[in-house]
Structure formats: structure tokens, C-alpha cells
Amino acid sequence: MNIMDIITDPNTRWILLGTMFLGLSSGVIGSFAYLRKQSLLGDTLAHAALPGICVAFMLTGVKSTSYFLIGAALAGLVAVFLISVLTRYSKIKQDAALGIVLSSFFGFGIVMLTQIQQSEYGNQSGLDTFLFGQTASMVMSDVYMMMTVSFILIFTCTVFFKEFKLLSFDPGFAKGMGLPVVFLDYFIMMLIVAAVVIGIQAVGVVLMASLLITPAVSARYWTERLHIMVILSGIFGMLSGVSGTLISTSVNDLPTGPLIVLSATVWFFFSMLFAPKRGVLSSIWRRVSTKKKYSLEQDRRKGSHSS
């Protein structure tokens with residue numbers, strides 16, 4: 001299928017638009033998670049969504065994306081609550097709490113998924129598509145919801161940009177200024193939960209964290225200003241969604257979710273190599289230039305001493 005066929009196909013256009021908005025919003029909210037050193041948080045919340053999806057199917061007995069996403073959102077909120085309890089009321093550090101919640105929720109979800117698949121209606125549940133994502137199963141209402149939630153996430157990050165900036169770089173100063181640090185902390189987690197929930201159908205619970213963090217890491221190579229980093233992260237996420245969807249549509253039998261994540265990885269390696277200040281090639285060039293200048297200076301000094 002060529003590019004013109006992809007553009008003229010209405011279903012592909014809508015999926016392309018949905019994954020584009022998903023990448024944009026994931027990159028924006030992922031920037032704050034990355035700067036706050038909570039890269040594992042997105043991975044934890046994505047994996048925590050699996051038991052919520054399974055419980056939603058077991059309670060309703062029907063394959064409904066709306067019910068699945070509601071269950072995923074509730075499971076994500078429970079995971080956020082448990083992470084907060086473990087970090088605030090015990091001696092466990094946040095990375096350990098994230099690891100505990102991730103492994104326990106995902107393990108519980110796999111057990112439930114196995115039980116459902118072995119049941120009478122297991123093959124009709126379609127739950128396995130949420131592990132690695134399947135954009136082909138998305139309908140128009142799914143794309144509308146993805147676009148709506150993405151717009152809300154981007155708008156919210158824009159409105160609370162100053163507060164999120166203070167919380168990311170200096171939470172102590174933010175607390176001294178009277179900002180509700182605890183509330184903002186929970187609020188950012190809720191936004192990450194929302195991003196995870198809308199993305200698991202396209203990218204899957206296993207790979208969703210990569211779409212949150214990889215664009216932010218790529219953007220960090222290009223700038224030291226937060227607002228530019230957030231914009232670049234959104235652009236990298238958007239390009240990843242578009243390129244992954246186009247490749248998946250052009251080549252048959254290739255999954256869209258993993259291709260979106262691989263596209264984000266390609267942009268990361270591009271940034272790591274070619275970024276003007278932090279890139280590997282620019283660092284090598286500066287090192288070589290400095291060494292050459294030092295050698296020339298040494299030759300001048302030797303020439304002046306000999307004369």
C-alpha cells in the first residue's frame with residue numbers, strides 16, 4: 001500500500017490521527033515524569049492496568065473497550081495509592097515501591113488473563129490485544145476518546161506549566177511558595193494514568209512506558225529550556241506515532257504498537273548522535289578541536305622558545 005492509498009483510506013486516516021495525538025500527549029506529560037526521575041512510574045501504571053482490564057471483563061462478561069479502559073483507570077488509581085502509601089508510611093524508597101507494585105499487579109493480571117483465556121468465552125474476550133496493542137481493533141469512538149483525552153492532557157500541562165516546572169526542579173521551593181505539592185504530585189500521576197489508559201489499546205501495557213519516556217529523553221539532548229523540551233518531546237512523540245502507523249499500514253502483518261516504540265527509539269538514537277550540544281558527534285568534535293588547539297598552542301610555545 002502506497003502513501004496515497006493510506007491517506008485516502010478513511011479508517012487509516014482516523015487511526016493515524018489518533019496515534020499522532022497519543023504520541024503528542026504522551027511526550028508532553030512524559031517530560032515531567034522524566035525530569036522528576038519517575039521514568040519507572042509510567043511502566044508501573046501501564047502494567048498495573050492489566051488486572052483492571054481483566055476484572056472489567058469478568059464483571060461485565062462483554063468485550064467493551066469502554067469498560068476495559070474504566071477498569072484500567074481504576075487499577076491505575078489503586079496503583080498510585082499503593083505507591084504513595086509505601087513511600088510515605090514506610091522506609092521503602094520510591095523505586096522499590098514502583099518495582100513492587102509493577103511486578104505484583106502485572107503478575108496478578110497475567111494469572112487472571114490465563115484464567116479468562118481458559119474459560120468458555122476466553123477466545124472472544126480480546127484481552128490479549130492489550131498486551132502489545134492492536135490499532136486494527138480500534139473503532140471511531142476509540143479514536144475520538146483518544147483525541148479528546150490527549151487534548152485535555154496537553155491543555156492541562158499548558159495551564160499548570162509553571163507549577164509543574166517548580167515541582168520538577170525544586171519541590172522544596174514550591175512548597176515554600178505555598179503550592180500544594182502533595183496535590184500536584186498526585187495530579188501529575190493522574191495525568192500519567194490518563195495517558196496510559198488511552199494508549200494501551202494502540203501500544204499495549206508492555207510498551208506504553210516507552211512512548212512516555214523515550215520522546216522526553218530525546219528532547220533533552222536538544223535543549224536545556226523546559227518549555228522547548230516539552231514541545232520537542234511532543235513533536236518526537238507525534239512523529240513516532242505517525243511513522244509507526246505508516247510503516248505498519250504499508251507493510252502487512254506488522255504490529256503498530258511496537259513499530260511506534262521502535263520509531264521513538266530511532267529518534268532517540270538520532271538525537272543522541274546529532275544533537276548540537278549534548279550529542280555524541282558534537283562531543284567528539286569538541287574533544288578533537290580542543291586537542292588540536294592545545295597541540296597548536298604547544299607548537300607555538302616551542303617555536304617561541306627556540307627563537
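I looked up Asp-185 first. Asp-185 forms a salt bridge with Arg-88, and the closest N and O atoms are 3.8 Å apart. I noted where the partners sit: Asp-185 is in helix α10 and Arg-88 is in helix α4, so the pair ties together parts that are 97 residues apart in sequence. I remind myself that this is a predicted model.

Next I checked burial for both partners. Asp-185 has a relative accessible area of 15%, so Asp-185 is buried, since buried means under 20%. Arg-88 has 40% relative accessibility and counts as partly exposed.

I then asked how many salt bridges the structure holds. It holds three. Glu-224 sits in the loop between α11 (208–220) and α12 (226–250), and Arg-278 in the loop between α13 and α14, 54 residues apart. Glu-224 is exposed, at 64% relative accessible area. Arg-278 is partly exposed, at 35%. I also wrote down that shared partners join Arg-36, Arg-88 and Asp-185 into one network.

New entry: helix α7. It covers residues 140–159, which is 20 residues. From its first C-alpha to its last it reaches 29 Å, close to the 28 Å expected at 1.5 Å a residue. I listed some of its buried residues, including Asp-142, Met-146, Leu-153 and Cys-157. What do the buried residues of α7 pack against? I found α2 (10–35), α4 (65–88), α8 (161–169) and α10 (181–199).

Last entry: the surface. Phe-270, Leu-273, Phe-274, Val-280, Leu-281, Ile-284 and Val-288 form a nonpolar patch with about 570 Å² of accessible area together. The elements giving two or more residues to the patch are α13 (256–274) and α14. α14 gives the most, with four residues. I checked Val-288, which lies in helix α14. Val-288 counts as partly exposed, at 45% relative accessibility.

Ser-289 also lies in helix α14 (residues 280–306). Ser-289 is partly exposed, at 22%. A polar atom of its side chain lies 2.8 Å from the backbone oxygen of Trp-285.

Key: Residues numbered from 1 in each chain as written. Predicted model: local features only at pLDDT ≥ 70, side-chain atom pairs only at ≥ 80, totals over all residues. Heavy atoms only, no water. Expected span 1.5 Å × (residues − 1). Buried < 20%, exposed > 50% of the residue type's maximum accessible area, 1.4 Å probe, protein only. Contact = heavy atoms within 4.5 Å. Polar contact = N/O pair within 3.5 Å; in protein donor to acceptor, adjacent residues only side chain to side chain. Patch = residues over 30% accessible without salt bridge, like charges linked within 9 Å, V, L, I, M, F, W, Y side chains within 5 Å. Areas by Shrake-Rupley, 256 points an atom, 1.4 Å probe, with all protein chains shown as cover. Salt bridge = Lys/Arg side-chain N within 4 Å of Asp/Glu carboxyl O.
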